[in-house]
Amino acid sequence: MAQAASINPAEVIWRGAVMNGRVIVALIFREAAVRFGSSPYAYVWTLVEPTLLVGIMLVMRVYVRHYSPAFGESGTVFLLTGLLAFRITRNTINKSGRAIAQNTALFGMGVIKPPDVVIARTVVEFTIWMIVLVIFFTAVTRILGQQVISQFQDFCLALLAIFYFCIAMSMFNAVVGALVPVWQTIWKIATIPLLITSGVIYMPASMPPEFQAIIVWNPMLHCIEALRSSSYIDYTSLYDPGYLQAFSTTVLLFSLALERLFRKRIIRAKQDDEDDDDI
């Protein structure tokens, strides 16, 4: 009598990971196709829209109001790093936070799980903003002759930390938003005080200690400070990489546990066709 072949747990886990990776890659291409559309002009507009928006905000701050930088000699560089870091984080989370409710039809296939669509959309949206970031940084360097990135290694680590935070918060918003639809409205309202306390237009370290003790708990502030710290050699930053990573990991694990516990209810979430504003 032939003996049953022994099953190697490590091999099973590896095969499952490979399969899940293929699913996510396929979803990334699908998200890109849906995001850009079938027209070649859609690819251009997807990049032009956020680029124009950030550009207009920079012009209004720097030239119309004669903005004086809170740090350094260039108001453009100071505002650019703050605006881009905040908008990369906020817009990626806003769009990816509706990935589950907008892809409920895919869950009937069995192999696709709610976290897969969130990760795929986060990758696509974050990549779009990375291209926008490259456009602005290159333009400032070539046109204004100002160096934006002074510490390239710290710059890459900052982007990885921001990306990890975006995945964690996108997962949280997608799961909680599927369970409690009103959460999306609450989150949009919450981004207003988050913008004020994120240090986009001021240097957080120059604020009074009492104010610093409050804003230091805002994870978006650490995202902005992480990117801004890579632009200045002598910048005094409140960035705490340990806090940002711990916050992101806690939120991500909680979201995954919540999704697994209420998966059947989540995949039946009502379709949400509302598009977020880019203000």
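Colleague: Which helix gives the largest share of the lining of the second largest pocket?

Modeller: Helix 1, with four residues. The model is predicted, with local features needing pLDDT of at least 70 and side-chain atom pairs 80 or more, while totals for chains, interfaces and linings use all residues. Residues are numbered from 1 along each chain, and side-chain values use heavy atoms, without hydrogens and water.

Colleague: What makes a residue part of the lining?

Modeller: An atom within 4 Å of a pocket point; a pocket is an open set on a 1 Å grid (1.4 Å probe) with protein on both sides within 12 Å along at least five of seven lines. Here 11 residues line the pocket, and Glu31, Val34, Arg35, Gln102 and Arg121 lie nearest its centre. By class, eight are charged, two polar and one nonpolar, where Asp, Glu, Lys and Arg count as charged.

Colleague: Why are helix 5 and helix 6 called oblique?

Modeller: Helix 5 (residues 152–179) and helix 6 (residues 183–196) pack at about 140°. Under 35 degrees is roughly parallel, over 145 roughly antiparallel, 65 to 115 roughly perpendicular, and the rest oblique. The two helices are therefore oblique. Residues in contact (heavy atoms within 4.5 Å) include Met169 and Phe172 of helix 5 and Trp187 of helix 6.

Colleague: What makes Phe165 and Phe247 a tilted pair?

Modeller: Ring centres must lie within 6.5 Å, and planes under 30 degrees apart are stacked, over 60 edge-to-face, the rest tilted. Phe165 and Phe247 are 6.1 Å centre to centre with 40° between the planes, hence tilted. Phe165 lies in helix 5 and Phe247 in helix 9, so the pair ties together parts 82 residues apart in sequence.

Note on methods: Axes are lines fitted to C-alpha atoms, for helices over the stretch in contact, and angles run from 0 to 180 degrees between N-to-C directions. Rings of Phe, Tyr and Trp (its six-membered ring) pair if their centres lie within 6.5 Å; planes under 30 degrees apart count as stacked, over 60 as edge-to-face and the rest as tilted.
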